[in-house]
Amino acid sequence: MKNISKKRVVATTGNGAVAEAMKQINPDVLVAYPITPQTAIVQDFSQFVADGAVDSEYVTVESEHSSMSACIGASAAGARVMTATSSQGLALMHEMLYIAAGSRLPIIMPNVNRALSAPINIHCDHSDSMGARDTGWIQLYSENAQEAYDNTIQAVRIAENKKVLLPVMVNLDGFIISHGIEKAEFIEDRKVKSFVGERKPFLPLLDVDNPVTYGPFDGLGGYFMEHKKNQADAMERARDVILEAAEDFAKISGRKYGFFEEYLLDDAEIAIVTLNSSAGTTKHVINELRAEGLPVGLLKLRVFRPFPAKELAEALKHLKAVAVLDRALSSGFVGPLFSEVQTALFNLETRPKVINFIYGLGGRDYTLHEARKAFEELMTVAKTGKIKKTLGYLGLKEVEVLV
Amino acid sequence: MEKCIEVRWHGRGGQGAVTAAKFLAGTALAGGKNIQAFPEYGPERMGAPIQAFTRISSAPISIYCPVENPNIVVVLDETLLDIVEVAKGLSKDGVILINTLDDPADVRKKLGTKKGKVYTVDATSIALDTLGKPIPNTPMIGALVKVTGLVSLGDTTDYFTESFSKKFSQQILKGNVEAIKRAYKEVRGE
């Protein structure tokens with residue numbers, strides 16, 4: 001028991017792990033607005049403030065639109081700024097998300113993935129973060145509490161790197177990870193402190209000797225398009241920075257990260273591509289199916305923006321068939337992750353057949369049974385070389401539809 | 001694959017099933033195991049039937065869905081037997097532990113299953129004697145430790161004292177430890 005407390009191996013919720021990372025990062029400003037299932041993060045942080053465990057200015061606001069606005073102001077002033085949100089909260093701050101990214105402000109924001117209304121639902125799906133795909137934020141995804149903690153710490157280094165200067169969203173599954181207790185290992189405070197360093201703001205508003213303007217009008221005769229191209233280039237440069245941050249992080253944690261994790265993928269013939277906690281359950285089923293002699297594997301995507309298309313195509317090109325799991329809908333077409341994966345594979349000389357499953361909307365369980373069902377369908381596609389249906393649903397109940 | 005032990009807890013809101021699920025996980029973690037603990041995320045209110053889950057394994061646990069085939073089922077409130085199918089999915093060599101005055105053989109008739117081994121303990125009376133309140137979660141942990149050997153009795157009482165020494169008075173701490181020990185002694189099998 002004594003050794004364990006030295007290593008700081010703890011039983012924690014995902015929210016608790018994220019709050020711990022925030023405490024160790026000790027941002028200058030923490031903007032808080034509560035929303036299920038994220039609330040515990042800013043609640044824990046308010047305790048850290050009350051206990052004097054952090055030096056942060058804790059700003060409470062009246063909505064998420066205001067919380068992102070406060071983040072933008074504080075970040076432009078030169079502060080290291082964090083907030084956290086979920087679902088409707090992320091949706092409400094939508095227009096401000098573009099302003100944060102377009103103003104090149106390295107704000108860090110954990111987003112605890114939750115469905116969007118209607119009908120009202122507080123449980124996990126990825127509709128919120130997928131809706132923010134084009135806002136210009138870097139998006140990282142986390143399978144479990146450990147990864148949510150690790151991603152939050154790495155996010156600071158990625159966001160504030162001068163080659164990048166973009167906001168980062170760290171996603172974790174609502175309730176499944178945010179409220180479930182599991183084992184995680186926390187790094188020593190001093191190591192995290194030295195890993196994240198101090199923010200060295202580029203052209204901060206509070207540098208009164210070098211006055212600058214943020215967010216002015218930039219119309220027809222201006223450079224709007226060049227600004228946007230510049231912003232897109234920064235997102236491109238984030239690729240190397242994400243890998244560099246991961247390499248340095250491995251030195252203090254012993255845990256390795258890249259754009260994605262490959263699980264028994266090398267010698268697989270069929271594989272699932274997915275995000276967040278469903279990857280864990282899929283791994284469990286892969287172990288069972290491997291024991292039955294089936295060549296199955298997994299690619300768990302960690303970095304959704306920038307999208308690692310080239311690397312992903314390289315990792316998947318040898319497969320016969322791939323199923324992409326989407327915990328979000330894009331009514332009228334396929335799931336959002338499927339679109340990206342299919343695009344990444346399109347220009348390969350030979351490429352796997354790709355099918356799409358929508359799963360887990362509004363927190364519907366993704367159990368071992370659903371994972372097996374996806375692999376069964378993949379086996380049929382691999383055997384016949386034919387796709388019967390591109391888009392399917394996992395775990396759907398049979399119901400009578402009125403309208 | 002290393003075997004992962006899965007526990008499903010049935011209780012009513014306020015009886016401490018979720019706390020018990022977390023506590024068992026914490027004790028196992030302190031003993032070097034990998035763990036998970038989580039409630040079923042439904043509407044939570046006093047007296048309503050609730051479920052919680054604990055997973056314990058020597059190998060890392062990567063599964064993120066509710067327990068469907070528990071090795072161990074713990075029922076904190078016997079009135080649930082009439083309204084919840086507590087033995088659902090129980091593995092063949094499973095254990096089902098129930099808070100009741102009745103004998104295991106009588107409870108088995110009520111359960112309507114031949115699966116697993118049934119154990120009973122009068123956790124409510126133990127809680128009333130030791131704590132003065134009918135909160136059966138700590139005695140149920142004592143009984144569970146005896147029946148399953150998942151963790152040792154000493155580790156359990158040590159961990160309890162360590163975890164709750166800030167939250168509870170010395171008297172309540174002692175009462176709980178006594179409750180764990182008494183249930184450990186009094187639990188009955190078939």
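Mentor: The centres of domain 1 and domain 2 of chain A, taken over C-alpha atoms, are 27 Å apart. Domain 1 covers 2-193 + 218-253 and domain 2 covers 260-393, with bounds that come from an automatic or database domain assignment. This is a predicted model, in which local features need pLDDT of at least 70 and side-chain atom pairs count only at pLDDT 80 or more, while totals for chains, interfaces and linings use all residues. Residues are numbered from 1 along each chain as its sequence is written, and chains are lettered from A and ligands numbered from 1 in the order in which they are written.

Where the domains meet, 29 residues of domain 1 of chain A are in contact with 19 residues of domain 2 of chain A (contact: C-beta atoms, placed from the backbone, within 7 Å). On the domain 1 side, helix H7 (127-131), strand E6 (138-142), strand E7 (168-173) and helix H10 (224-253) of chain A each give two or more residues. Helices (H or I, at least four residues) and strands (E, at least two) are DSSP runs, numbered from the N terminus. That side of domain 1 holds 14 nonpolar, nine polar and six charged residues; Ala, Val, Leu, Ile, Met, Phe, Trp, Tyr, Cys and Pro count as nonpolar, Asp, Glu, Lys and Arg as charged, and the others, Gly among them, as polar.

Next, the sheet. Six strands of chain A form an open sheet in the order E9-E11-E10-E13-E14-E15, with mixed pairing (strands pair if DSSP finds at least two bridges between them). Its edges are strand E9 (260-263) and strand E15 (391-393) of chain A, each pairing on one side only. Within the sheet, E13 (321-326) and E14 (353-358) of chain A run parallel, joined by six bridges, and Val322(A) has Val354(A) as its bridge partner in E14(A). Helix H12 (309-316) of chain A packs on the sheet, touching E9, E10, E11 and E13 of chain A, with its direction at about 175° to that of E11(A). Axes here are lines fitted to C-alpha atoms, for helices over the stretch in contact, and angles run from 0 to 180 degrees between N-to-C directions. Helix H14 (368-384) of chain A lies across E10, E11, E13, E14 and E15 of chain A, at about 145° to E13(A).

Finally, the other chain: 20 residues of chain A are in contact with 18 residues of chain B. H11(A) gives the most to chain A's side, with five residues. E8(A) pairs with strand E2 (34-39) of chain B in the antiparallel sense over two bridges, and Ile181(A) has Ala37(B) as its bridge partner there.

Terms used
Two residues are in contact if their C-beta atoms, placed from the backbone, lie within 7 Å.
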